[in-house]
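Subject: Handover of a structure for your review

Dear colleague,

Please find below the sequence and the structure that I am handing over to you. A summary of the findings follows.

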Amino acid sequence: MLTSVPPARHLLRAKDMIDARYREPLDVPELARAAHMSPAHFSREFRRAFGETPHQYLLTRRLERAAALLRNTDHSVADVCFTVGLRSVGSFTTSFGRAFGLSPTAYRAAHPPASDRVRIPTCVLQAYARPQSSMFREDNGNRPG
Amino acid sequence: MLKQLTNTQVWVRDQDEALAFYTDKLGLELREDVTVPELGNFRWLTVGVPGQPDVAITLMAVPGPPVFDESTREQIHALLAKGAAGGLFFSTDNCQASYEELKSRGVEFSQEPTEQPYGIDAGFRDPSGNQFRMAQRKEPS
């Protein structure tokens with residue numbers, strides 16, 4: 001007998017979708033469809049399961065990926081911004097500064113690649129390096145969709 | 001002293017579903033499938049990577065009483081569904097080819113193959129919510 005899929009597993013699918021497709025213009029309605037929920041219900045349940053809204057998770061994933069690109073590549077700040085799925089360099093710079101306490105350029109200068117020091121699997125880096133949305137206030141400049 | 005790691009365990013929400021996923025989709029082989037009536041029909045279910053006979057993965061149903069009370073069982077199920085119950089790391093000779101093969105069989109990926117300082121890796125999940133990685137390691141330089 002197959003037990004029914006718990007709602008949280010559908011929420012996890014949406015969270016995985018953010019991790020896999022943060023480069024794309026994802027929005028809450030599309031994520032909600034992946035979780036088989038209405039957008040309002042989805043945002044509420046996502047927050048209850050994971051402690052932050054899907055919008056916050058998506059933004060902080062993009063900021064974490066941006067930080068990795070700043071550390072590990074020589075791509076321009078604008079390139080990094082667009083590569084991680086954000087569309088306004090101004091909003092990106094503001095959000096990045098709130099999350100990491102440094103401008104993207106200053107952050108890059110302060111952080112030589114971690115690979116120089118230790119071989120840490122990507123999943124560990126991604127899980128631990130993502131800024132906590134509760135630690136900084138976000139405006140609506142980067143709202144997806 | 002300790003000699004070898006022989007078994008590792010993942011919680012699964014449904015052993016039949018897990019067995020189908022781990023064998024048909026991931027291509028692992030069934031090792032043991034033994035149900036023990038005197039232990040309340042406890043089912044010892046293990047799979048392994050073909051060619052690596054000395055390490056097995058136990059696909060463990062989350063037990064209720066007398067092992068865990070109902071509330072504990074529910075908590076484990078909840079953590080599992082949220083992806084908070086752990087995972088496994090595999091190696092592969094060709095991450096991109098394995099990704100395409102697994103994806104074509106319906107495996108859900110949380111990270112497509114990505115170049116890393118140590119090689120190429122990708123991330124995916126089982127139906128229960130366990131996280132998996134597969135890495136194609138660079139030759140040591």
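To begin with one residue pair, B:Trp11 stands opposite B:Met60 in strand E4 of chain B. Please note that this is a predicted model, in which local features need pLDDT of at least 70, side-chain atom pairs count only at pLDDT 80 or more, and totals for chains, interfaces and linings use all residues. Residues are numbered from 1 along each chain as its sequence is written, chains are lettered from A and ligands numbered from 1 in the order in which they are written, and side-chain values use heavy atoms, with hydrogens and water left out.

Chain B

Chain B contains three helices and eight strands (DSSP runs numbered from the N terminus, with at least four residues of H or I for a helix and at least two of E for a strand). Along the sequence, the pattern of chain B reads β-α-β-β-β-α-β-α-β-β-β. The C-alpha trace of chain B spans about 50 × 35 × 30 Å along its principal axes.

Four strands of chain B make an open sheet in the order E1-E4-E3-E2, with mixed pairing. Strand E1 (7-12) and strand E2 (29-36) of chain B are its edges, each pairing on one side only (two strands pair if DSSP finds at least two bridges between them). On average, neighbouring strands of this sheet are turned by 25° against each other, direction ignored (axes are lines fitted to C-alpha atoms, for helices over the stretch in contact, and angles run from 0 to 180 degrees between N-to-C directions). E1(B) and E4(B) (residues 56-61) run parallel and are joined by six bridges. Helix H1 (residues 15-25) of chain B lies across E1, E2, strand E3 (42-48) and E4 of chain B, at about 10° to E3(B).

Strand E8 (residues 131-137) of chain B has two partners to mention. With strand E5 (residues 87-91) of chain B, E8(B) pairs in the parallel sense over five bridges, and B:Phe89 has B:Arg133 as its bridge partner in E8(B). E7(B) runs antiparallel to E8(B), with seven bridges between them; here B:Asp121 stands opposite B:Ala135. E7(B) and E8(B) form a hairpin with five residues between them, and B:Gly129 in the turn has a positive phi of about 120°.

The interface between chain A and chain B

The contact (heavy atoms within 4.5 Å) takes 22 residues from chain A and 26 residues from chain B. About 2000 Å² is buried between the two chains, 49% of it from carbon and sulfur atoms (buried area is the accessible area, with a 1.4 Å probe, that two parts lose on being put together, summed over both).

Three salt bridges are counted between chain A and chain B (a side-chain nitrogen of Lys or Arg within 4 Å of a carboxyl oxygen of Asp or Glu). The side chains of A:Asp16 and B:Arg125 meet in a salt bridge at 2.4 Å, N to O. A:Asp16 lies in helix H1 of chain A and B:Arg125 in strand E7 (residues 119-125) of chain B, so the pair joins two chains. B:Glu108 and A:Arg9 also meet in a salt bridge through their side chains, at 3.8 Å, N to O. On the side of chain A that touches chain B, helix H1 (7-21), helix H3 (39-50) and helix H8 (122-129) of chain A are the elements that give two or more residues. H1(A) provides the largest share of that side, seven residues.

Yours sincerely
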